[in-house]
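The exercises below ask the reader to work from a sequence and a three-dimensional model. Please examine both before reading the solutions.

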Amino acid sequence: MPLPDPRRRNPITLPDGTAHAGTVMLAEAIDHPNFTIGAYTYASAFEPPSDWASRLAPYLFAGSRERVVIGKFCQIADSVRFITASANHAQDGLSCYPFPVFDQTQMAGFQPDTRDTIVGNDVWIGYGALILPGAKIGDGAIIGAGAVVRGSIPPYAIATGNPATAVRHRFSKPQIARLLALKWWDWPADLISRAEPALLAGDLDMLEALAPD
């Protein structure tokens with residue numbers, strides 16, 4: 001089957017022929033300098049917002065110094081939030097109170113935490129998950145509903161809880177190494193389309209046979 005059009009903002013067509021407003025290709029729905037979003041990554045919401053950037057990352061202000069980087073083919077459920085570095089207060093003083101933000105001369109450039117948040121490719125983030133500042137989620141990981149992610153989640157891990165921890169891996173270590181070497185999400189669209197049966201069936205041998213030279 002052909003892949004969905006990554007340039008189509010609302011990629012799902014309902015039985016009545018209308019576009020499903022609650023699902024968007026994020027690269028088409030977000031125009032924010034601090035977001036980098038790969039092709040085919042989508043997000044869903046039961047009540048779609050007018051501003052997807054502020055819905056997903058409400059603390060990513062104009063002038064923030066951190067970035068949110070999301071890879072290709074990610075799936076982001078309703079009520080997921082990225083709590084980015086701009087939300088953090090300084091913790092090395094006697095008080096966490098952000099005195100400089102109330103003074104125009106001191107506010108410029110004041111940001112105690114500037115860590116980027118990085119999400120790999122083919123990551124599924126479940127309903128209501130919170131992704132905290134500086135989190136790094138590996139390729140192929142699954143983040144369970146309501147999980148609170150800080151630190152690093154390994155590739156192809158299933159992470160749940162608060163704080164989110166890897167409860168198991170989706171595949172064996174040798175299989176994960178093979179998948180990471182293939183990087184199928186970077187293949188040409190026509191080749192990914194041909195690989196769809198292998199991807200859906202979990203047939204790694206078939207996928208490797210299709211890999212470009």
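The model is predicted, so local features are taken at pLDDT of at least 70 and side-chain atom pairs at pLDDT 80 or more, while totals for chains, interfaces and linings use all residues. Residues are numbered from 1 along each chain as its sequence is written, and side-chain values use heavy atoms, with hydrogens and water left out.

**Exercise 1. Describe the strand order of the open sheet of seven strands, and state which strands stand at its edges.**

Step 1. Strands are DSSP runs of E with at least two residues, helices are runs of H or I with at least four, and both are numbered from the N terminus. Two strands pair if DSSP finds at least two bridges between them.

Step 2. The order is 1-3-5-8-11-14-15, and the pairing is mixed.

Step 3. Strand 1 (23-25) and strand 15 (165-169) each have a single partner strand, so one side of each has no neighbour in the sheet.

Step 4. The parallel sense is found between strand 5 (residues 75-76) and strand 8 (residues 124-125), over two bridges; here glutamine 75 has tryptophan 124 as its bridge partner. Strand 11 (residues 142-143) and strand 14 (residues 157-160) also run parallel, joined by two bridges, and isoleucine 142 is partnered by isoleucine 158.

Step 5. Strand 14 and strand 15 run antiparallel, joined by four bridges, with alanine 159 opposite alanine 166.

**Exercise 2. Identify the backbone features of the loop between strand 14 and strand 15, where proline 163 has its place.**

Step 1. Most residues other than glycine have a negative phi, and most peptide bonds are trans.

Step 2. The hairpin of strand 14 and strand 15 has four residues between the strands, and glycine 161 takes a positive phi near 95 degrees there.

Step 3. Asparagine 162 and proline 163 are joined by a cis peptide bond, with omega about -5 degrees.

**Exercise 3. Find the largest nonpolar core and the residues with the most contacts inside it.**

Step 1. A nonpolar core is a set of buried Ala, Val, Leu, Ile, Met, Phe, Trp, Tyr and Cys residues joined through side-chain atoms within 4.5 Å.

Step 2. The largest core has 34 residues, and Leu26, Phe35, Phe82, Ile125, Ile137 and Ile143 have the most contacts inside it.

Step 3. Helix 2 gives the largest share of this core, three residues.

Step 4. Another core, of 17 residues, lies apart from it; Phe73, Trp185, Ala198 and Leu204 are among its members.

**Exercise 4. Classify the aromatic pair of phenylalanine 73 and tryptophan 184, and then that of tyrosine 156 and phenylalanine 171.**

Step 1. Rings of Phe, Tyr and Trp (its six-membered ring) pair if their centres lie within 6.5 Å; planes under 30 degrees apart count as stacked, over 60 as edge-to-face and the rest as tilted. The count comes to seven aromatic pairs.

Step 2. Phenylalanine 73 and tryptophan 184 lie 4.9 Å centre to centre with 55 degrees between the planes, a tilted pair. Phenylalanine 73 is in the loop between strand 4 and strand 5 and tryptophan 184 in the loop between helix 4 (173-182) and helix 5, so the pair ties together parts that are 111 residues apart in sequence.

Step 3. Phenylalanine 73 is buried at 14% relative accessibility, and tryptophan 184 is buried at 6%.

Step 4. Tyrosine 156 and phenylalanine 171 form an edge-to-face pair, 5.6 Å centre to centre and 65 degrees between the planes. Tyrosine 156 is buried at 1%, whereas phenylalanine 171 is partly exposed at 29%.

How values were computed:
Buried means under 20% relative accessible area, exposed over 50%, partly exposed in between (1.4 Å probe, protein chains only).
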